[in-house]
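Visitor: I would like to know what the terms used for this model rest on. Please take them one by one.

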Amino acid sequence: MEKAVKPNHIGRKIGRIRELRGMKQETLAEELGISQQAVSKIEQSEKVEDDKLNQIAKVLGVTKEGIESFSDEAIFNIIGNTVTNHDNSSLLCFQPNFNPIEKLVEVYEENKKLYERLLKAEQEKITYLEKLMKEK
């Protein structure tokens, strides 16, 4: 049985890479200086001009060749090969390598110090303004 060959649909690849980057069509359009509808049309096109493809690649943070050779299968292979526990449940269970409570306390302390610095700066402003008022 002969395997069907998928066409090299550059537009779909651009759309998929954009989605994987968490980027909306509007954002890509803004970066390229075109409309969202133009981005949609590009993503529906089987071929894209080389200079436009280079611009898109730059915005997406990949190379032109990266777009041309992109495949979902390769992404799944990379994910599958980098997961240490090869059962599917490991993809659903995230084990942070830090204690979230400790991180929360650390952020709280940083915010407290920032607040104290802001308060001190405001007190210094008040003192300075009172000094200026007394001089007049």
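Guide: Accessible areas come from the Shrake-Rupley method with a 1.4 Å probe, and for residues only the protein chains shown count as cover. The accessible surface of the protein chain comes to about 11500 Å², and 55% of that surface belongs to carbon and sulfur atoms. This is a predicted model, in which local features need pLDDT of at least 70 and side-chain atom pairs count only at pLDDT 80 or more, while totals for chains, interfaces and linings use all residues. Residues are numbered from 1 along each chain as its sequence is written, and side-chain values use heavy atoms, with hydrogens and water left out.

Visitor: How many helices and strands does the protein chain have?

Guide: Helices are DSSP runs of H or I with at least four residues, strands are runs of E with at least two, and both are numbered from the N terminus. By that rule the protein chain has eight helices and zero strands.

Visitor: Why are α2 and α3 called roughly perpendicular to each other?

Guide: Axes are lines fitted to C-alpha atoms, for helices over the stretch in contact, with angles from 0 to 180 degrees between N-to-C directions. The axes of α2 (residues 25-32) and α3 (residues 36-44) come within 8 Å and cross at roughly 105°. Angles under 35 degrees count as roughly parallel, over 145 as roughly antiparallel, 65 to 115 as roughly perpendicular and the rest as oblique. The two helices are therefore roughly perpendicular.

Visitor: Which residues of α1 are buried?

Guide: Buried means under 20% relative accessible area, exposed over 50%, and partly exposed in between (1.4 Å probe, protein chains only). In α1 (residues 10-20), Ile10, Gly11, Lys13, Ile14, Gly15, Ile17 and Arg18 are buried. Of the 136 residues of the protein chain, 19% count as buried.

Visitor: What does Leu60 touch?

Guide: Contact means heavy atoms within 4.5 Å. Leaving out residues up to four places away in sequence, Leu60 touches Ile14, Ile17, Arg18, Arg21, Met23, Leu28 and Ile67.

Visitor: What makes a nonpolar core?

Guide: Such a core is a set of buried Ala, Val, Leu, Ile, Met, Phe, Trp, Tyr and Cys residues joined through side-chain atoms within 4.5 Å. The largest one has 16 residues, and Ile14, Leu28 and Leu60 are among those with the most contacts inside it. Its largest share, four residues, comes from α4.
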